[in-house]
Amino acid sequence: MDIETVKKIIGENLKGFPSKIRKIRKSELYYENKNDILRRRNPLAEKAKEKDPNNPLRNADNRISHSFHQLLVNQKAAYAMTVPPLFDVDDKKMNEEIVKLLGDTYPKIAKDLCINASNAGVAWLHVWKDEEYRNFFRYAVIDTKQIIPIYSKRLSNQLEGILRVYEDYDEDGEVLVVYEYWNNEMCSVYSRKKNKTLDDLEEYEVFNIIDVGTNQPTGTSNTYKHGWSKIPFIPFRNNPLQHSDLEMYKALIDVYDKVFSGFVNDVDDIQEIIYVLTNYGGTDKKEFLEDLNKYKMVQVDDDGQGAKGGVETLAIDIPVEARSKILEMTREGIFVHGQGVDPQKNIGQNNSGQALKYMYSLLELKASMLDTEFKLGFAELIRFILEYSGANSDVTIKQTWTRSAINNDLEQAEIVSKMAPNTSLENIAKANPLVENWETELENLRKEQEDDYRAENDYRPEE
């Protein structure tokens with residue numbers, strides 16, 4: 001591709017990219033429990049500290065950050081992705097090949113996709129053929145802050161290109177900004193030094209040119225044919241609007257952090273007893289404290305005009321009830337708007353299936369929205385596997401999703417037992433609370449029936 005065309009594509013698509021990165025980074029900071037409260041200035045506390053570091057009215061400056069965002073995101077990831085979806089293409093051998101190619105990292109990648117999508121609004125998965133391992137199928141999650149998708153302007157909104165932007169180092173240790181442009185056929189790589197502009201963009205030759213006869217590198221190039229029929233990047237959207245979860249409740253978390261931190265600051269500020277002295281008979285404050293500690297009494301005088309001396313303490317009342325109510329309402333709002341399960345919520349002694357479903361109703365609603373978007377992404381991943389294996393990718397892909405929640409297994413088992421006479425073995429195996437893989441369960445049942453049949457036919461009673 002002509003480098004001037006590349007400069008134009010990069011320049012047009014970089015608009016708004018820095019603000020997008022800032023929003024994603026904000027969500028990531030809240031996920032790391034580094035909320036805005038930790039970075040806010042407190043001018044009163046700073047001024048009081050400068051004026052008198054030992055001032056008993058010192059304007060405490062505690063900053064307490066609460067990890068509500070991390071809790072809500074982890075709830076969704078654990079609920080929806082602890083047991084990642086299973087796939088069926090109506091071909092047993094191909095199903096086994098899919099499981100093999102997905103590999104041991106599949107559950108972790110599914111969980112990472114959910115967390116990334118929750119923080120960034122969309123997560124991206126990249127697939128490639130690992131040439132070092134005989135073109136073995138590989139896939140990995142890519143940082144969303146590096147990806148700029150280029151979509152068609154038509155109604156289909158089809159993905160036409162991917163611009164990946166990240167930093168690297170050259171041989172001299174200087175920082176480079178690298179631009180990868182992916183289309184349906186190849187990847188082209190360009191770079192510029194970080195202190196330069198797009199006008200200084202040049203080809204970045206990072207790919208080896210291999211001689212087919214000798215299988216040895218003969219040079220380098222900035223282009224690479226990826227060998228797929230489409231762009232090997234798959235979007236996993238968090239919701240139709242591609243919004244992060246944090247946008248729904250960030251203001252509530254900030255209120256909770258602010259009120260709670262202010263509460264702690266007030267307690268710190270008044271924990272020192274303030275004495276009000278009238279006609280004190282000593283010479284200085286040090287002598288007063290020594291007399292109080294040693295003799296449990298202090299000397300006071302009469303001013304001669306009938307005014308008696310004395311010692312009083314000054315107490316400051318904290319509006320505990322009002323703040324407790326605000327914290328309670330804010331916490332409830334966080335879990336309602338975040339569509340999560342409050343671990344402090346008590347459902348009492350009713351642990352029936354309906355009560356548990358009600359407790360998980362909001363989380364189920366959020367997870368179901370995620371499922372709708374993620375099913376499209378996982379279907380694309382399976383089609384890449386089918387293409388890699390030389391199979392027909394234009395097939396119906398069935399997905400089985402499993403929730404990880406507190407269940408009443410006894411109640412579920414009773415339902416399965418009652419429905420067994422009128423339900424297929426496949427559906428019974430899928431609904432059985434003790435079964436993790438329904439296909440394995442059916443295979444085990446088939447083997448047991450064969451063994452029972454052989455045992456009955458080998459038995460010959462004496463006449």
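Buried residues (under 20% relative accessible area, with exposed meaning over 50% and partly exposed in between, using a 1.4 Å probe and protein chains only) make up 34% of the 463 residues in the protein chain. What you have on screen is a predicted model, where local features need pLDDT of at least 70, side-chain atom pairs count only at pLDDT 80 or more, and totals for chains, interfaces and linings use all residues. Residues are numbered from 1 along each chain as its sequence is written, and side-chain values use heavy atoms, with hydrogens and water left out.

Colour by secondary structure next. The protein chain has 14 helices and 15 strands; these are DSSP runs (H or I of at least four residues for helices, E of at least two for strands), numbered from the N terminus. Now for contacts, meaning heavy atoms within 4.5 Å: of those between residues at least 6 apart in sequence, 62% join residues at least 24 apart.

**Stop 1: a sheet**

Select residues 122-130, 136-142 and 233-237. These three strands form an open sheet in the order S3-S2-S12, with antiparallel pairing. Two strands count as paired if DSSP finds at least two bridges between them. At the edges are S3 and S12, each pairing on one side only. On average, neighbouring strands here are turned by 25° against each other, direction ignored.

Zoom in on the pairs. S2 and S3 are joined by seven bridges, and histidine 126 stands opposite alanine 140 in S3. Between S2 and S12 there are five bridges; valine 122 has arginine 237 of S12 as its bridge partner.

Is S12 buried or exposed? Five of its five residues are buried, so S12 is largely enclosed by the rest of the structure. Show its side chains: Phe233, Pro235 and Arg237 sit on one side, Ile234 and Phe236 on the other, and all are buried. In a regular strand, side chains alternate between the two faces of the sheet.

**Stop 2: helices that cross**

H6 lies across S2, S3 and S12, running at about 145° to S2. (Axes are lines fitted to C-alpha atoms, for helices over the stretch in contact, and angles run from 0 to 180 degrees between N-to-C directions.)

Next, select 17-31, helix H2. H2 packs against H6 at an angle of about 120°, with the axes 8 Å apart. The two helices are therefore oblique to each other: under 35 degrees counts as roughly parallel, over 145 as roughly antiparallel, 65 to 115 as roughly perpendicular, and the rest as oblique.

Now bring in 68-81, helix H4. H2 and H4 pack at about 95°, with their axes 7 Å apart, which makes H2 roughly perpendicular to H4. Ser27, Tyr30 and Tyr31 of H2 make this contact with His69, Gln70, Val73 and Asn74 of H4.

**Stop 3: one valine**

Click on valine 259, in helix H7 (residues 250-270). Valine 259 is buried, with a relative accessible area of 16%. Which residues does valine 259 contact, leaving aside its neighbours within four places in sequence? They are Arg323, Ile326 and Leu327. Valine 259 and isoleucine 326 are 67 residues apart in sequence, yet 7.9 Å apart in space, C-alpha to C-alpha.

**Last stop: a bent helix**

Finally, select 361-388, helix H11. H11 bends by about 30° at phenylalanine 374 (the angle between axes fitted to the seven residues ending there and the seven starting there). Just after H11, look for glycine 390, which takes a positive phi of about 80°.
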